[in-house]
Structure formats: C-alpha cells, structure tokens
Amino acid sequence: MRVLIVTAGSLGDVAPYTGLGARLRAAGHRVTIAAPAAYAGLVSGAGLEFRPIGGDLAALRAGTAERRPGWSVPGAPGLLDFVRLGRRFVGELGTGIVTAAGTGTDVLLLSSTTASLGYSVAQYHDIPCLGVFLQPTAPTRAFPPVVLGVRTLGGWGNRLAGWLGRRLADRVYADASRRLRARLGLPPVGLGRLERLATADGWTVLHGFSPAVLPRPPDWPAGLEVVGYWWPVSRAGWRPPGELVDFLAAGPPPVYVGFGSLTDTGDGLHALVVGALRRAGVRGVLQGRPGAGVGPDREGDVLTVGDVPHDWLFPRMAALVHHAGCGTTGAGLRAGVPAVPVPVLADQPFWAARLAAVGAAPGVLPLRRLDEAGLADAIRAAVTEPGLRRRARRLADRLATEDGAGAVVAAVDRLAR
C-alpha cells in the first residue's frame, strides 16, 4: 500500500519515523513521510519519499525565545505561553496534511502532534488510519499527563489532570480543526466528540516506546498499545570527523552533553557545562544544534561537535547529559549508558522522571534550576555509581529483544487484507 506517515514538531518528532518508514518499505509498502521542510534531507537520506507540511516547532520556538526570553516549561507559570505557541504551531498544519494526503494515499499513520487534524483528513479521503505516537496522551490513573509536566497526583488526580490536559490540547487544536472540517465539507464536530467517535470506530494507537520504560496503563481502553521503540535509520556512508575519533582515542570515555534542537545553548550555558565537567573530573563531548560542524576549538578535555548520530556516539560515552526528549532518551537507553536528564519543555520532564524511575539516572535537573555544582555532582554519580550502569545495561538488553517497528508493520498489513 501507499503509506503516508504524518508528523510535525522538532527533530526528535521526525527522526524515529525514518526507521519505521524503512521497515514498512522493506515489507513491500511505498512509504512517504510528511514533515516540516527542514527535515527533507533526513527523510530522503533514509530512502523515503518526502512531502512538506508546516509545524516546524524548532523555528517557532526560536522566534518565541527571541521575543519572550522568559518562556518556560509547560505547566504554571508557562502554561499560557505553551498554548500560544501551540496555536501558532497548528495554524497551517491541517492544510498541509490535506495536500500531502491528497496524492495517492492508501493509509495514514499519524503522530501525536498531527492526529487531531489528520483523523478528519482520513475521514474525508475515506482511508484507514493508525496512531503512531511517541508520547502517551490518553488519561490514566498511572501517571500525570506528559504535557503539563506535573508530579503524580495519585490515581484519581492523575486521571483528572489527564482529562484537563486533553481539554488543553483541544484548546490548541480547536480553531484549526474547525477550519479544516469546514474546508473539507465535513460536519462540524468538536474534538472531544471526534475523539469519542474515533474510539467507538476502533481507532488504534501504537506507542513507540518500550513497556520496560513505561508500561501500558491497565486502565487504558482497548486499541491503545505500547509496542517498543522504532529507531532512526543509520546514515549510509557517514564517517565520524577525524578530530572526534582522535579525541575519543586520547583518553577514557567522555561524558556527552546535548540539549536538543529546541534549546538555546548560549555562552552562559556552555560555560556552566564546561565548568561542571571539569569540576567532576571528566572529559566531555558537547553537541550543538543539528547541522553544525565540528567545533574548531578544543577546550582542553572538552570537544564541541555538531550533528553526530546518537547510535554511533552514545555507546562510546561514560554518561549522557541531555534534555530527555523522547528520541534521545530512547537512544541513550539503547546504548546502555547512564543519563543525567536536564529537561527544558513539553514532554521532556516526563521522560526525565522515567529515566530516574527505572534507575538509569541519579535524578532530574531541570534546566531552569541548573547550576555548575549540582550538574558536576550528578555527572560524577552517573559515571561512578555501578548500579546506574548495571541497570542501564539491563534495560539495553531488554530493548534489544523488542521490535516496535515490526508491530506497526503487522498492523498496517492487517489493514491491507
């Protein structure tokens, strides 16, 4: 079948779908990924067709940061800014999905960032669709909603917060959904009712993270499954820069530090990280924004690099300091390396808490409260505590037995029958 995967957001919201698309292609399907234009090279480099849509969260985040330097993690006090940014994010997303799906599509696979609009597009074209989510979005007693970044509130509190989180998402997508359905000539239906209709119609969502990291909640309705990670495609022909190879060979394994494509890694944060690495007595590899080259300056035992594939770099590290995005979290666990999660926004605090809960991290250090001494202590613990590495290695062994992409292939094949 002609399969269209639709996703939007940042690099971490796109890269895992290259691996999923490659597995579907290997199973005999023709696969296209619709994503923000900035990721055209990433998708085509994986041997998949590409169609551009809006929803480039990194670009929107950069513009918001320039105007509102105090923009903070979702959840009070940054909740209003999150809603404002979300509305800009989805503004033209529906139109892009309609255009992308209008050219020879037999089945839609929708990410959590596109499902609220993509389901209406599937209705219009009368084609089957599946949810392929990187984050859990359904309310549950087991944990609080990922978008609010709040601590657990107990069973009923978590479920109520999950319901409130859904209503918040509805506020973000409501205007775009109303405009989209009017354009398509579909009857006006609120997002809450549309969700209930989809559930009644057997809407299936396969979640691309491991049950060893976040088990399927027992109170989720049928059709919501946790199947395991799907990993980005390894870059064919990629070779590590010589300066990086020489640096790794010149001493003990260093500590990786990277905060993803949504974080402004300015001079102040750079100086704090370098100071923490030196205070902890370890070498470091600092990764800047994707697309940057290897830094020309090596600051003693700290090397700055640009875009280096995590599947190559992470197994060579002693520990990983990162923003706890869903993709980076999975890549670190796959490598079996302890983490120091430093979440910034959106679902990152949630995954950071999961890293600590499964014993692969000494704790969580939110970026807004980061200081040199605290980061140095956490790095030292991640590097020296044998229990952290043992648990991280055990999780890596478990992940190696899972086949999340295979579960999606099987679900798509069932639609073809």
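**Figure 1. Confidence along the predicted model.** The mean pLDDT of the protein chain in this predicted model is 86, and 87% of the residues reach 70 or more. Residues 64–78 have a pLDDT below 50, and beyond near neighbours in sequence this stretch makes 24 contacts in the model. The pLDDT is also below 50 over residues 289–296, a stretch with 20 contacts beyond near neighbours in sequence.

**Figure 2. Overall composition of the chain.** The protein chain contains 16 helices and 13 strands. Of its 417 residues, 54% are buried. Where contacts link residues at least 6 apart in sequence, 63% of them join residues at least 24 apart. The accessible surface of the protein chain amounts to about 17400 Å², and carbon and sulfur atoms account for 55% of that area.

**Figure 3. The largest nonpolar core and the surroundings of leucine 20.** In soluble globular proteins, nonpolar side chains tend to be buried together. The largest nonpolar core in this model comprises 84 residues. Those with the most contacts inside this core are Ile5, Leu20, Leu24, Leu108, Leu109, Trp203 and Trp230. When neighbours within four places in sequence are set aside, leucine 20 is in contact with Ile5, Val132, Trp230, Ala405 and Val408. Another core, of 23 residues, lies apart from the largest one; Phe259, Ala280, Leu286 and Ala319 are among its members.

Figure 4. Helix H13 spans residues 348–357. Within this helix, Gln348, Pro349, Phe350, Trp351, Ala352 and Leu355 are buried.

Figure 5. Leu160, Trp163 and Leu164 together make a nonpolar surface patch of about 320 Å². Leucine 160 belongs to helix H7, which covers residues 154–184. Leucine 160 is classed as exposed because its relative accessibility is 52%, the cut-off for this class being over 50%.

Notes: Residues are numbered from 1 along each chain as its sequence is written. This is a predicted model: local features need pLDDT of at least 70, side-chain atom pairs count only at pLDDT 80 or more; totals for chains, interfaces and linings use all residues. Side-chain values use heavy atoms; hydrogens and water are left out. Patches are made of residues with over 30% relative accessible area and no salt bridge: like charges are joined within 9 Å, nonpolar side chains (Val, Leu, Ile, Met, Phe, Trp, Tyr) within 5 Å. Accessible areas come from the Shrake-Rupley method with a 1.4 Å probe; for residues, only the protein chains shown count as cover. A salt bridge is a side-chain nitrogen of Lys or Arg within 4 Å of a carboxyl oxygen of Asp or Glu. Helices (H or I, at least four residues) and strands (E, at least two) are DSSP runs, numbered from the N terminus. Buried means under 20% relative accessible area, exposed over 50%, partly exposed in between (1.4 Å probe, protein chains only). pLDDT is the predictor's confidence in each residue, from 0 to 100. Contact means heavy atoms within 4.5 Å. A nonpolar core is a set of buried Ala, Val, Leu, Ile, Met, Phe, Trp, Tyr and Cys residues joined through side-chain atoms within 4.5 Å.
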